[in-house]
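User: I should like to learn how to read the features of a protein model. Could you take me through them in turn?

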Amino acid sequence: MRKVSYLSYNMTTADANNPDGIVPVGRQFDFIGDVETEEMILVDGDESLCLGYTGVQCYEDVYVGDMMEYKATLTKVGNTSRDCRIEVFKLATPASRAGVEKPKTGDMVWFDEPVLCTEGNVRLVVKKHLQRGEQPDGTIAEPWADNEDFPDSGFDENHPDDITFRYRMSDRDVFYLGGVVNGARNITLMEDTAKRLMAREFGNMGHITKVEKVRLYEPCYAGDYLEYHARINKVIGDQIVVEVRNYKYIDLPENPEFPSSIDVLPEPPLCTVVQFVFETYK
């Protein structure tokens, strides 16, 4: 069982309702709630109920364009109560926000050490009869395993490290009946993952000039937890080919034992693969 859970999100204009693009603290709690819920699913196979938060401190404002990471660390397991430490980190911010003079469009400052924005404690409860026992850890063992639909996939030796992005689908992401998330929403999140990689490697999110190939294998639904992986396959002049794959590692069972029961998948299936071609802004 993993005792630490992460979720990711790049803040957009839809998340801000304060002057100067500041994201309200309440929006942070949307993601905090999802990441603490993941930890409870790993512990008990149940979504749990949140009893409340204590000692929440806010150190840094969060803005549109910030690339965020949300973390929950299991600290105590009681009879029915579970305690977690919650932390919110800023990984990168627009260069204009960081005080860079005359930044180019898309320029980002990637922090050497993530900036702690918010931290605190949460207590959750899983009633005895809902506790289904420790679940698998949801690890994607080989995210870059050979794929016959993408036989030329590889990684650029100058940029060998991939980047990981985790997200929980919600009703806000649903487009079709039955809670099905449309493929375009998934591709948007895959682009967000790729832009994190671009920001880290080149200091610029760049812009997409071509989508070379898309392959959809498994549908996604509200409530699913997805893990995205992005890597640079090759760099040819100004062209940067980025491949993104996503896997489903937690999903809603068809016939749950209890309404709040959720399964961690021992062998997370591959859902989508996309190859983007980026150029950095001049």
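Analyst: The discussion below covers a helix, the strand pairings, the salt bridges and a surface patch.
This is a predicted model, in which local features need pLDDT of at least 70, side-chain atom pairs count only at pLDDT 80 or more, and totals for chains, interfaces and linings use all residues. Residues are numbered from 1 along each chain as its sequence is written, and side-chain values use heavy atoms, with hydrogens and water left out.

User: How should helix α1 be read, and what should its 20 residues span?

Analyst: An α-helix has 3.6 residues a turn, so residues three or four places apart point the same way. Helices here are DSSP runs of H or I with at least four residues, strands are runs of E with at least two, and numbering starts at the N terminus. The expected span of a helix is 1.5 Å times one less than its number of residues. Helix α1 covers residues 25–44, and its 20 residues should therefore span 28 Å; the C-alpha atoms at its ends are 28 Å apart, in agreement.

User: Is α1 mostly covered or mostly open, and what is found just after it?

Analyst: A residue is buried under 20% relative accessible area, exposed over 50%, and partly exposed in between (1.4 Å probe, protein chains only). By that criterion 15 of the 20 residues of α1 are buried, and the helix is mostly covered.

User: What is the strand order in the open sheet of five strands?

Analyst: Two strands pair if DSSP finds at least two bridges between them. The open sheet has the order β1-β3-β4-β5-β2, with antiparallel pairing. Strands β1 (4–10) and β2 stand at the edges with a single partner strand each, so one side of each has no neighbour in the sheet. Direction ignored, neighbouring strands of this sheet are turned by 25 degrees against each other on average; the axes are lines fitted to C-alpha atoms, and angles run from 0 to 180 degrees between N-to-C directions.

User: How many bridges join β4 to β5, and which residues illustrate the pairings in this sheet?

Analyst: Strands β4 (residues 81–94) and β5 run antiparallel and are joined by 13 bridges, with valine 88 having threonine 118 of β5 as its bridge partner. Strand β3 (residues 67–77) pairs with β4 over ten bridges, also in the antiparallel sense, and glutamate 69 stands opposite phenylalanine 89 in β4. Strand β2 (residues 49–58) is joined to β5 (residues 108–125) by seven bridges in antiparallel fashion; there, cysteine 50 has leucine 124 as its bridge partner.

User: Which strands pair with β13?

Analyst: Strand β8 pairs with β13 in the antiparallel sense over eight bridges, and arginine 215 has valine 273 of β13 as its bridge partner. Strand β11 (residues 239–251) pairs with β13 over eight bridges, again antiparallel, and tyrosine 247 stands opposite leucine 270 in β13. Ten of the ten residues of β13 (residues 270–279) are buried, so the rest of the structure largely encloses this strand.

User: Where does arginine 215 lie, and where does its partner aspartate 149 lie?

Analyst: The side chains of arginine 215 and aspartate 149 meet in a salt bridge of 3.4 Å, N to O. Arginine 215 belongs to β8 and aspartate 149 to the loop between β5 and β6 (163–168), so the pair ties together parts 66 residues apart in sequence. Arginine 215 is partly exposed, at 34% relative accessible area, and aspartate 149 is buried, at 18%.

User: Which residues make the nonpolar surface patch?

Analyst: Patch residues have over 30% relative accessible area and no salt bridge; nonpolar side chains (Val, Leu, Ile, Met, Phe, Trp, Tyr) are joined within 5 Å, and like charges within 9 Å. Accessible areas come from the Shrake-Rupley method with a 1.4 Å probe, and for residues only the protein chains shown count as cover. Val211, Val214 and Leu216 make a nonpolar patch of about 230 Å². Valine 211 is found in β8 (residues 207–216) and counts as partly exposed, at 43% relative accessibility.

Definitions and conventions: Salt bridge = Lys/Arg side-chain N within 4 Å of Asp/Glu carboxyl O.
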